[in-house]
Amino acid sequence: MIKLTFLGVGSAFTRKNSTSSILVECGKIKMIVDCGVPVLKSIAEYGLTLDQITHIFITHLHADHIGGLEQVALQSRFTHQHRLKLISTDTLLDRLWECSLKGGLEFVELTPNDKTPQTLSDYFDCMTIETETWFHVEDDEPLQLYARPNNHVLNLETYGLEISEDPTEREKTILFTSDTRLDKTLLANGVKTCKYVLHDCQLFNSGEDNKFGVHASYQELQKLPPEIRQHLWLYHFGDTPLPDAQADGFAGFIEHMQVFNTE
Ligand SMILES: [Zn+2]
């Protein structure tokens with residue numbers, strides 16, 4: 001069984017909610033997907049310590065998805081002496097280090113006056129993946145992932161995930177979109193092949209018909225056919241009052257710490 005828990009349901013600018021992040025548990029794997037600043041607080045609230053997490057998957061480099069990684073790197077290495085496996089593409093992991101983490105993590109003075117530069121591999125076991133193909137997170141575990149490139153921000157490498165114990169069975173597969181603009185083809189397929197579709201949603205249009213939006217808007221999603229809308233669980237929202245998603249034909253807004261099980 002896959003147990004998927006929302007550690008955060010909020011957007012990048014939320015003050016009420018934690019930023020979007022999920023915990024995926026299956027067999028011996030406890031994997032966090034995305035790692036904003038609140039992630040350590042959220043896993044503690046859930047009842048785990050960092051040394052109980054086995055993997056972290058990064059979907060893209062916006063701060064609400066990676067802002068907590070520096071603390072995670074330092075705490076796992078020096079407090080817990082625990083090696084986490086960090087999963088993404090080779091290009092995304094390169095940019096994660098060079099453009100984001102290196103500033104705070106390159107030098108740590110392991111002994112007085114030590115100037116040895118550190119690399120991402122000094123903190124994590126890096127697992128690079130191919131996209132648009134299913135892969136097992138571990139050879140002897142059933143959990144599989146399928147990373148699909150998203151249309152989020154032009155030239156910003158971003159992936160959504162299908163998460164499954166058996167991709168041929170709808171009841172054992174979950175679609176987690178991460179950050180994306182509206183992708184009608186993805187959703188039409190997703191509702192057929194996935195038990196749950198967990199979808200990014202901003203509560204407002206950016207410009208007419210959301211033409212400047214980098215997330216699907218609630219208004220765009222409202223125009224989808226009811227047979228698709230009824231399967232959509234929405235997250236990544238801001239602090240303004242939530243509309244009545246169920247009255248509007250959606251499965252609903254996801255709550256902090258809400259759980260989705262495949263069985
Ligand atoms: Zn983003």
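Two strands are taken to pair if DSSP finds at least two bridges between them.

The structure is a predicted model, in which local features need pLDDT of at least 70 and side-chain atom pairs count only at pLDDT 80 or more, whereas totals for chains, interfaces and linings use all residues. Residues are numbered from 1 along each chain as its sequence is written.

The protein chain has 7 helices and 14 strands, where helices (H or I, at least four residues) and strands (E, at least two) are DSSP runs numbered from the N terminus. The radius of gyration, 18 Å, is close to the 18 Å that the globule rule gives for 263 residues, so the protein chain is as compact as a globular protein of that length. This radius is taken over C-alpha atoms, and the globule rule is 2.2 Å times the number of residues to the power 0.38. Along the principal axes, the C-alpha atoms fill a box of roughly 65 × 40 × 35 Å. Of the 263 residues, 38% are buried; a residue is buried if 20 or more other C-beta atoms lie within 10 Å of its own, exposed if 12 or fewer, and partly exposed in between, with C-beta atoms placed from the backbone. Contacts are assigned to two residues whose C-beta atoms, placed from the backbone, lie within 7 Å. Among contacts between residues at least 6 apart in sequence, 56% join residues at least 24 apart.

Asp200 stands opposite Tyr235 in β12. Strand β12 is also parallel to strand β13 (residues 252-253), to which 2 bridges join it; Leu234 has Phe253 as its bridge partner in β13. In a regular strand the side chains alternate between the two faces of the sheet. In β12, Leu232 and Leu234 point one way and Trp233 and Tyr235 the other way, and all are buried.

Strand β1 (residues 3-8) runs antiparallel to β14, with 3 bridges between them, and Lys3 stands opposite Asn261 in β14.

Two helices present a buried face. In helix α3 (residues 69-79), Leu69, Val72 and Ala73 are buried. These residues fall within an arc of 100 degrees seen down the axis of α3, so they line one face of the helix; the arc is that of the directions from the helix axis to the C-beta atoms. The face turned away from the buried side of α3 carries the exposed residues Phe78 and Thr79. Elements covering the buried residues of α3 include α1 (39-46), α2 (63-66), α4 (90-105) and β6 (124-128). In helix α5 (residues 184-193), Leu187, Gly190 and Val191 are buried. Their arc down the axis of α5 is 95 degrees, so they too line one face of the helix, while Thr185 and Lys192 are exposed on the other side. The buried residues of α5 pack against β10 (173-176), β11 and α7 (226-229).

The largest nonpolar core has 62 residues, and those with the most contacts inside it are Val24, Ile56, Ile174, Val197, Leu198 and Leu234. Such a core is a set of buried Ala, Val, Leu, Ile, Met, Phe, Trp, Tyr and Cys residues joined through C-beta atoms within 7 Å. The largest share of this core, 5 residues, comes from α4. Beyond its neighbours within four places in sequence, Ile174 is in contact with residues including Ile2, Leu4, Leu198 and Phe260.
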